[in-house]
Amino acid sequence: ALGDMSRTHYLRETLQVAADFAKQHGGDGMDCPEVWARMAVLNKQLKTAEAIYLEQNQLQRALDMYIQLHKWEEAITLAELKGYSGLGELQARHLQWLLDTRQEEKAAELKEKSREYTTALSLYLKAEMPARAARLVQSVPELLGNEEVVSRVVAALLKGEHFQQAGQLYEATNRTDKALESYRRGHAYAKAVELARYVSPKEVVVLEEQWGDFLSANKQSDAAISHYIEAGKTVKALDAALGSRQWKKAVQIIQVIDDTSLVAKHYAQLGRHFASVKDYKLAEQLFSQAGLFRDAIEMYIHAGDWDKAHTLATRYLEPEQVTRMFLKQGQSLEAVGKLREAEKLYVAVDQPDMAIAMYKAQRQYDQMMRLVKQHHSDLLATTHLHLAQQLESEGNLRAAETHYLGADQWKLAVKMYRSLDMWEEAYRVAKAAGGEQGGQQVAFLWAKSLGGDSAVKLLSKFGLLETCIDYACDSYQFEFAFELAKSGMKGKTADIHYKCAMALEDDGKFQDAEEQFIKAAKPKEAVMMYMHNQDWVNAERVAQQHDEESLAQVLHAQAKQAFLDKNYQQFESLLLRAHKPDLIVKQYQEAGLWVDALRVCREYQPARLSSLQAEYEREVGSRGARDVSSILSQAHQWQQSGEYKTAVDCYLRVNNNNCRDSGTVLKALTEAAQLTNKYLEGEEGFAAAKAICPRLIEMKQHSLAAQTYLAVDMTKEAIDTFISAEEWGKAKKVAREFEPGLEVYVEERYKESLRRQGRADQLADVDIISALDLLCEQGQWAKCLETAKPHGLQVLHKYVALYATQLIKEENTMKALSLYSQMGSPALPQNYNIYRRISMDVIASPGLSGPDTYSTWARLRNMLYKLTEGMTDGSDAGSATHYEFRVLLQVAHYCALRTVLTGVKGMSSLVANISCALLRHSDVVPADKAFYEAGVHTREVGRDSEAFVFLNHYLDIVEAIEDGSLDSLDYSDFGNTDFPQEIPLPATPHLAPADHEQVKEWVLAVSMDQSVDQVLPVDGRGLYPSALVGPDAAATPLPACVVSGYPVFGVPSQTVAFKRPGSVANRDDWNKLTMAAKLAPTNTDLQDVLGFISEWCGALPNFSF
């Protein structure tokens, strides 16, 4: 079964018709005309069916057949042919059917044929066929003269973008300006030019240019050439010729352009083409005409024509450029193994070092040394040494030896052979190069490596045994010296012991040295060693055991030291052991210790006592102070006998009346005070203190006086003594330790003194906050801050904040910024508003755009960086405030970088990008300032479309400032950006009126220039290139480049990643910045920017240009 249900149904009806015919007329039902007609219809033989119906005079049935099959045109034709009376009704039904089935076009054609033009026009427009309607209007004069009809048709044409037909209709109605505009919009430039030649000849040039632009945009550059030439746009014609690879024609065009700066890149492109096809003469001509001498030189270099390349290079390039170019080519030749040719290039540009390095890399050391000798004779020895070390590491010992000797470093050659136990070679080299002494040293080391009898035999063979023993001692190798002497020269053993002892003594190993001195039979040397180091015990021990004659000398020397140390008891004991009491008396006598001298003399030399006493009297009398001396001596004797009260009274008898020497008086008072402190108590102590202390205070001995008062429990008097000397610390300590109730008394006396003298710094020791507040009131801010520093961060920055607040109130924000730059910016929440105010004031300040303002931006940037880093470790990490200050840090960084780059040649484009990127922070930077700077900087680099949009928006913001409201501000131009649309309204305009008027004039002029697109450009994302994220707020923003602020798309080859997560840069921008720094090493500001990026973003990555 075929499943053709409709055909089956049709055949069933046909069979029914046949059956009905046979029943009615008899015979075979298949002879029925209706059956024949239906079968003809089934076989798509409509004309046959029509003929069958007409033979049966059934015109209506034929018409119904056509109508049933929707063959209305055949039905109407048949009706017209047969003179059908219902023709009008049939035509009406046809028209209605067309309308019901939305075939307005067919209906319109019928109306047009019937000359019902208005109805036909309406149907064409309803069928959205304005082109047909336009042709109808143009063909019917009465319609063409109907302005309303024409307007309707034109509107439909423009809506359907049938601009050419609209232009024809405008032209037909003599509206030539509209016609030209429509032809332009429809890119029907042939008709537009044809029309313009008659109605506006001046427009022909513009149209020809636009025609060329259209053809170029549609990849028909060859066809665009002639139109550009007609328009006089030779540069565009040149572009089109190059784009269509019409090289000869491009040469013809470029020759007529006088300003070569406009077509420098075209000259380069043409030159490279003709160079590629080996037409070097024409290529050189093109390169030279454009001043592209370097390209011409490189062409000849690549072609291997060195003479022409060198001729051009020396004629047109600076010596540095020639050097760089030939070095690059030399490296290329080196890479392919053409070393001689590469050497010639290197030497030609005075770079023999590169040729030397080349031969070294190729291990052609003879050639290398030849060049070193020719060009760096002063480095010949160093190079020999370096090569020798390298060859040694590679195991090429003979060659290494040759270079060591060439460097006059034969000892290194010896060392090399020694390290490999090649002693014969080492000895050979040492003896040949170092002479006999060198040979002896190596022989010694060789023998040491052998040891024992083998060493003795070796040295005996060379006749160096005794020499090497002496050398071993001189070099402190005593074990080896003993070993050699034991086997070969035993007579040297004692001498070796002595030298070993001397060496041990020098090293401070006295016990070991003693042992060696004894073995060397020189015990007195050991005694002298210990005496020299004042080791009296060991000196005495050695003397008693090995050299008793030295014992008296030891005792005498020890006694002399004891006297110097004022250890008189030991001094006496030692000299008495040595049986020298006379020396004791003499020493005491010479030192003026007559009392001790007399005592010793009385005990051990009574026969001399009278003469010594007489001598003492003469000595005292000669000084003219016999009474005072007697008093002091008597006091001392009372003291020695334990009569302390009497001794004190005796000391007090010494005064200014009987002694002019104030030192003696003071000494007597001091002795009296010390005796009182130690031994007197009760009433005796009180009485003595009252007598002694006022005199001590008179002689400025306040501490001793106070100590004496304290010894007898006179605490208040001791405190008053310290107060009178203004020794407040001691007064406080005494009160705290002995009488706490007096602490308040001391504190009040101290504060009263400080206030009376105006000594705020000392007041700080008592009450730091009061002292700091006093300094603030006096306006001594520097001293206040310096005083606050030792008292912690909180105290210091409380007063830093007070000072900064005052500076801000005085509109001296820059000084407040300098203050925090000096004092630091800790993450203290109470200071956040100050940091925020300083940041916003600096960002909004005018006149901070030149290179000389970098230090201001750097201080702000550094302040914010320290702040955000401090917040990272605190409770505010990750908060909205933290984010706010991070944004302010980014703004300060970009502004600082921009100010530096404005003074660097070739950085204008990067400056413009930074200004555009800062627009995403126009809610932080005053909006009028941000858009003005972006507009000016983009205009400076020829990006007029962006400059127009930015400066036009700047004008709108200024109007909003004047109106006091942002309600009328239009952001429709920034739908494809990430610029904020909710911004604070600046209080005052950024620009002066004169500068503002210049901006208005420029914007007005550009608005009339149709060659400038008045919209922002977009990238492949459909966004403005600086946008980090589109209008879809849910999208993840791209990271911003730390150099330009533009988005970093994450392509590895185009990205520089720093160690801090999220810190990245576009490689092109980063390379521009670092190259600028390299080219300007004296630009400290640029170096500071790189240093800050390194600190902020992590260590700089490794990269190459």
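His953 is buried, its relative accessible area being 2%; buried denotes under 20% relative accessible area, exposed over 50% and partly exposed in between, with a 1.4 Å probe and protein chains only. The model is predicted: local features need pLDDT of at least 70, side-chain atom pairs count only at pLDDT 80 or more, and totals for chains, interfaces and linings use all residues. Residues are numbered from 1 along each chain as its sequence is written, and side-chain values use heavy atoms, with hydrogens and water left out.

His953 belongs to helix α61 (residues 944-963); helices are DSSP runs of H or I with at least four residues, numbered from the N terminus. Beyond its neighbours within four places in sequence, His953 makes contact (heavy atoms within 4.5 Å) with Phe931, Leu969, Asp970, Tyr971 and Phe974.

Helix α38 (residues 551-564) comprises 14 residues and reaches 20 Å from first to last C-alpha, close to the expected 20 Å at 1.5 Å a residue; the expected span is 1.5 Å times one less than the number of residues. Its buried residues include Val554, Leu555, Gln558 and Phe563. Just after α38, Lys566 adopts a positive phi of about 60 degrees.

With a disulfide defined as a pair of cysteine sulfur atoms within 2.5 Å, the count is zero. The sulfur of Cys1041 has its closest cysteine sulfur in Cys1097, at 9.6 Å, which is too far for a bond. Both cysteines are listed below.

| Residue | Relative accessible area | State |
|---|---|---|
| Cys1041 | 0% | buried |
| Cys1097 | 0% | buried |

Methods: Helix = DSSP H or I, 4+ residues; strand = E, 2+ residues; numbered from the N terminus.
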